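Hello,

Please have a look at it first and then read on.

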Amino acid sequence: MKPWSKKKKAVAAAAAVVVVAAVVVAGTGRAASGGYTEIRPETRDISTYLKFSGNIEAADTATVYAEAAGKIVSLPVEEGDTVKAGDVIAVLDSSDVENSIALKESTLRDTERNDAYNLEASQRTLDNYKEGIEQGYDSSLNTVQKALLSAQDQYQSAVEDYNKAREELEKGTTSSVVSARQAMDSQAASYESALQQKEDGMLTEEALETYRVSYDNACESYKNAVAAAQDDVDDKEEAIQTALESLEQAERDYESGIRTADLNEETYQDNVEKAQAQSAEETARLELEQLKESLEDYTVYAPMDGVITKLNLQEGDMAAAAAQLAEMADFSVMQVAVKIDEQDVSGVQEGQEVSVYIGALDKTYKGTVDKISRTAVNENNAVYVEAVVNFEADEQVRTGFGAEVELVKAHQEDALCLPSGAVSYDVDNTAYVYVKNEKGKPEKRSVKLGISDGSYVQVTEGISGTDTVLQMPQYGQNGMYYMSPMDGQEMGGPYGGGTADGE
């Protein structure tokens, strides 16, 4: 046998490449001769997604506080226990409050006895007064006479006060006016001195302005003092009129007989005393009611359904008012805090349904967008908006797990689709594919695209479901390069030396 020539070895190597090419394309469609994969456009549902990642945390948590201060005498729960809203978390020592309630109840009984006594005394006083009226006693006349004398004294005092204030105002001897005038004169002298110093070059304009402002303020204070003195005179003049009216009323009361008015006054006074007694009793009842209500604060209840995640105090510890007794979480509903890029936030709305994939469990849960922040965050030159996604969890879900949230951005049913790798792009980003024409040759055809899920892309115009699309990978196994129609070069194989446009 003759040894192989170099030429034969090269031919054999080329044949091996063709075999490899056939193997490469066999997995993506029907392999056509020449290394192409013939693909039929298929009708399928297609969606495009927004994806976000974050960590899982409980959607509803609560801190249980002590409403009162006291020693913890009972702690019927442990960390990890599941409780219902209203279950007892802790009981505090309430003996001091119970003693106060007993003392207040005793005080209330004493108050009720005192009220009864006061009412009886008031009634006895009224009865005695009526008996005196029936016997013809004029004790009420003494009262109205005193009132008349008092009214006369008040009127005289009002006249004297007015005359004195008016005289001081006219003479300028009102103490506040005198003080204000002295201050004004002092500031005037200071200002004149400052003017001289300014002329002598010893004082700046700014310093002179300070003296002028002080002088103006003193003048204003003087005017205000004079006005106040005048107001005082006016008030005293009004007081004269008021005193005169009181005097006239006292004279009328005396003339018409004060005895009936005095009887009404005594009756009213009795009613006031009764009201005061009732008010004292009502106050005691309110204080007792408040104590009984505060007794409820010594039993601490779970504010919601959930799990006790932490106990901050133990039985026997002293709890201060507002102390944190325990931490709770409701693990039935979890949430994922995510960051939405500013370019995507317009496509996300509160209430939208999402899917939550937890890689640690390899499970997907249904959820909703619960809250979207109204404030954007700028961090490391990236702008994003924080959002919260809620989902119903099962017992396998743990806080702290990483999760991926997927939101359908667009969805199209029964869309005509191609694998993304079957579509190429010109330098102007125009999409095109190669279609097998009637002669069995590749023909370049422009297409319009819809949505893409990364693996498949929707084709809205340019091809039909009966077309055969030709796809050839750029690279094969071991990095070997294959010529494709989009290179615009001649193609080898059974297609002969045809070009990319099918000629």
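A salt bridge here is a side-chain nitrogen of Lys or Arg within 4 Å of a carboxyl oxygen of Asp or Glu. By that rule there are 15 salt bridges. Before the details, please note that this is a predicted model, where local features need pLDDT of at least 70, side-chain atom pairs count only at pLDDT 80 or more, and totals for chains, interfaces and linings use all residues. Residues are numbered from 1 along each chain as its sequence is written, and side-chain values use heavy atoms, leaving out hydrogens and water.

One of the salt bridges joins Glu-406 to Lys-51, at 3.4 Å from N to O. This pair links distant parts of the chain, 355 residues apart: Glu-406 lies in strand 14 and Lys-51 in strand 3. (Helices, H or I of at least four residues, and strands, E of at least two, are DSSP runs numbered from the N terminus.)

Another joins Lys-236 and Asp-232 at 2.9 Å, N to O. These two are 4 residues apart in helix 5, so about one helical turn separates them. Lys-236 is partly exposed at 23% relative accessibility (buried is under 20% relative accessible area, exposed over 50%, partly exposed in between, with a 1.4 Å probe and protein chains only). Asp-232 is also partly exposed, at 32%.

As for cysteines, the count of disulfides (cysteine sulfur pairs within 2.5 Å) is 0. Cys-219 is buried at 18% relative accessibility, and Cys-417 is buried at 1%.

Best wishes
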